[in-house]
Amino acid sequence: MYNSFDNPGLVKVLTFLQTHNTEYLSGQDLSDVLRISRVAIWKHIKKIQELGYTVESKQKLGYKLISNSDLLLPWEITSELKTEIIGQQAYYFDSIESTQTQALKMAKDGERNGVIIVAEKQTGGKGRSGRKWISPKGGLWFSIILHPKFDISITTLFPIASALALSITLEKIFNISPELKWPNDLTIKGKKIAGMLVDVSLESNKIENLVLGVGINFDVNVKEIEKSLKGTPNFYGVASLGEQKKKIKPVKLIQRFLVELEKTYKLLENRQTSKIISEWIKRSSTIGKTVELNTINGNIKGKAVKIDNDGALVISENKKNHRIIAGDIIHLSK
Ligand code: BTN
């Protein structure tokens, strides 16, 4: 595990190499400028290389950064991140059972607002409704701890707002128009590109903390995931952003999402919910469709008419309206 704040020496050396990547820097120069011993400089460079950065080392000349790491390293996420709170501290795991479980534990232990937990892969990723979430290397799997100031009544809107933030991010980066399937799936040509999970912990009717888990099929083997998920309830196909022509560094995508998420989060805190709802509806593939939903009180099958001010889905079945605040729907009609 690495985090964004416990390795100041390493980050100093790395940042210096990144900002001076057209020249060779001698160990002595690095040591003088950064006020770190030569031995420590050497140790940091070794670690930096181990973490996937290519640093060329030439006798008499010194060190030069040739390329950056492809890993989702925590200081890469926090560096120059244009948010106030969300993502300003990051934890990184090479492999973990579930970032969501980890974030929930950390939230319970009082971890601060906005912290993000990222993993290269998850061995027991969690999907909604107790489903598993296949999380191989190549995808973006992360959870964010939040201490919202908004009222408990806004909670249903939070998943919707988060999905909207991700959609806006992908629109801006890839110039595509993902569709939003209620409450918080993102699809491309009807196949799932990303999913979200929200866990809320309440304390005497107030939100103590909220953990948002985001899974993005960034560059994954679609066929393999589909094979593992065939037969699971509500499975409707998987898509990967790797199919997009435009290539972008995964860390950049996370950073852009954190910025959009913070914007929508602020709208929620300021109760400016109508904008979120109208923007979500614009992108929705659910509204207007015949949908089916299993509830503990039986099956509902009807037309998805709208989402109301709280983000609840309104389904009209034989002229009777059902208001659904959580659950998994199946789109029946195109
Ligand atoms: C869904 O659509 O079913 C929700 C999927 C959420 C997956 C993410 S990946 C990061 C975080 N950790 C988990 O174990 N799950 C969420």
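A polar contact is a pair of N or O atoms within 3.5 Å; within protein, one atom must be able to donate a hydrogen and the other to accept it, and residues adjacent in sequence count only if both atoms are side-chain atoms. The model is predicted: local features need pLDDT of at least 70 and side-chain atom pairs pLDDT 80 or more, while totals for chains, interfaces and linings use all residues. Residues are numbered from 1 along each chain as its sequence is written, and side-chain values use heavy atoms, leaving out hydrogens and water.

**Around the ligand**
- The ligand is surrounded by 20 residues (a heavy atom within 4 Å), and the closest include Ser98 and Gln122.
- A polar side-chain atom of serine 98 lies 2.7 Å from a ligand oxygen atom.
- For arginine 128, a backbone N or O atom lies 2.7 Å from an oxygen atom of the ligand.
- Taken alone the ligand exposes 410 Å², and the protein buries 99% of that (Shrake-Rupley method, 1.4 Å probe).

**The cavity**
- The structure holds 1 cavity of 30 Å³ or more (on a 1 Å grid over the protein atoms alone, a set of points where a 1.4 Å probe fits but cannot get out).
- About 440 Å³ of space lies in the largest cavity, a volume being the space filled by probe spheres set on the points.
- Its lining has 35 residues, with Trp133 among those nearest the centre (lining residues have an atom within 4 Å of a point).

Terms used. 1 Å grid on protein atoms, 1.4 Å probe; cavity = no way out; pocket = protein on both sides within 12 Å on 5 of 7 lines; lining within 4 Å.
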